[in-house]
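Open the structure in your viewer and keep the selection tool at hand. We will go from one residue to the next and look at what surrounds each stop.

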Amino acid sequence: HRLHCLTPGGARSARVSLMMAAPCSAVPSLAGGRAASFAIAVAISVAFTVGAPADSDEYRDIVHHYCHMEGDWGPLPPRPEGATGLRQAQVFIRHGARTLSSDQFCWEGGDDPKNGNFSCSLNYLDNSIDATNKALTPFFRVSYMASHSGMWGSCYVGQLVESGFEMERANGRRLREAYVDREKLLPAALAQIGSADFERDFFLRSTDIPRTKQSSMALFAGMYPGEPAAEVPYIPLRSMDKSRENMLVNSKICPAVKPSTATFFQKMPVALLTEMHEICTTWNPNLPSMVEPEDCFWWLGHLVDCLMSRMCPNVPFSSHNSSVPEAFLSDEAALTKRVWKTIDEAQNQWFHAMVEAGASSALISDILDAAEAALALPSKVAVAPKKFLLYSGHDTGPMLPLYAAFNLRPEAPFWPSFASMLVLELWDTKDGVVARWISNGKVVDGPKPFAEFRQQASALVAKGSQCEVSAETLETEAMSEFTNLPSRTSASFPANIVTVSSGVAAAGILVAIGVFVGRRSRRCCSSRPFSLAADEEEP
């Protein structure tokens, strides 16, 4: 099973195997001090085998999946059987294809501009206006000075690229087909309504990041091309300070995020911890041999970004696969699939843990309030009913939090593609209102009675009460997990355990845990800000 990508032209008949890329930089070796510092981790192999290539089929077409090579999810499903009308559509998107989202270390030689660069032409025009929308300045186009950006070439870090813009415009066209042309939920043209009507029926929201704001603009341009008219001189797009953004897992909104994350890594199966540790210490010489699991976790997400920003044919990077170390491409891309499988499983588990900790409750509360308002149901917050709501964000929020909270993506790969789109629809039927979830053009949950959706969402909102649990309480609970160490860890053994005496096996487990999670008892949190994740650049 080969990993495939498409030619930049997108022709399905022109599939090119990743294995055909030109040879690149050599695999880093564990030499000198690095080998000595890594030696302690070798004791882990006394208890179990590590480093086996991923043998699952879920990641064989991961480039095609992640890069969203089709660029269009297809038409939205028709109305549910028995439905008489549509009340509301809440739409959640990940931004479209973009450049590498961080200038952190990828691999040896990965930051050398001789090995490739990004080339972008999509941009903004900015000006200033007063309270009456009168222009105070001409338009300005900001561009990054050569060699003074965190990115090689003409792009800035995490910039939306042309193909990503078109992905979101395609999403907008599909929404127009369904909600303007077919269901008549929304007006055919903004010229038919005024600003007050727009504010009544529409709510557009984005994280305060250029690529997500531009993605929301592209989507809305697909819904209403050529607009706005004089009656709606501009389209209101809401955002908020990053410190208060609830689409993302945010420790400033939910203080329990940090200690809950520490608990998560302490409870993570030793085999998965070991796999993460081996990849991190092999491929990132900047990480210590006793790297903390959180730091390894975040870097593995970045490593996937390093790989995909080069492998995606629809991201303008030259020279694509030939800039990727040969080790990631050889042997049917076994290492690439192994990295993907490891971080995808770990990240999916982490988002489920964050949902349980209450980290997504604020977002789900907003969603539930909007749905209840559409049905004129009493809500804790006075919310005006809207027909169409857009939440433009990242894979790390709102997509992965909602996947985890509502179990919308139960099978791997869990990581959302570029321009992934979730829709929560509320339909009238003769038996009452029903809710339906659509993901990338397919029904993934429902239709089910709104009361059932409301009960599920309310239970998730209630988890927010756990956000104020003290760090000391959660860390004490986490450490208590290790009071009966052999029985707890023996349940984590994989099937291919090396047969050894119980004393040696226990010693191997102690080394594994000591190497990778021991420092948790002294420090609850990584230095990485927890409102960020794999898809977010650092401030």
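Buried here means under 20% relative accessible area. Keep in mind on this tour that the model is predicted.

Start by selecting Thr 429, which sits in strand 8 (residues 421-429). Is Thr 429 buried or exposed? Its relative accessible area is 18%, so Thr 429 counts as buried. Now show its surroundings: leaving aside residues up to four places away in sequence, Thr 429 touches Gly 82, Ala 83, Thr 84 and Val 434.

Next, turn to the charged pairs. There are 23 salt bridges in the structure. Select Arg 174 and Asp 72, which form one of them, with their closest N and O atoms 2.8 Å apart. This pair links distant parts of the chain, 102 residues apart: Arg 174 belongs to helix 3 (residues 162-182), and Asp 72 to the loop between helix 2 (62-67) and strand 3 (83-94). Arg 174 is buried at 18% relative accessible area, while Asp 72 is partly exposed at 30%.

Move on to Arg 98 and Asp 305, whose side chains meet in a salt bridge at 2.9 Å, N to O. Arg 98 is in the loop between strand 3 and strand 4 (117-118) and Asp 305 is in helix 8 (residues 293-311), so the pair ties together parts 207 residues apart in sequence. Both residues, Arg 98 and Asp 305, are buried.

Finish at Asp 445 and Lys 448, where the side chains form a salt bridge of 2.7 Å, N to O. Lys 448 is buried, at 10% relative accessibility.

Key. Residues numbered from 1 in each chain as written. Predicted model: local features only at pLDDT ≥ 70, side-chain atom pairs only at ≥ 80, totals over all residues. Heavy atoms only, no water. Helix = DSSP H or I, 4+ residues; strand = E, 2+ residues; numbered from the N terminus. Buried < 20%, exposed > 50% of the residue type's maximum accessible area, 1.4 Å probe, protein only. Contact = heavy atoms within 4.5 Å. Salt bridge = Lys/Arg side-chain N within 4 Å of Asp/Glu carboxyl O.
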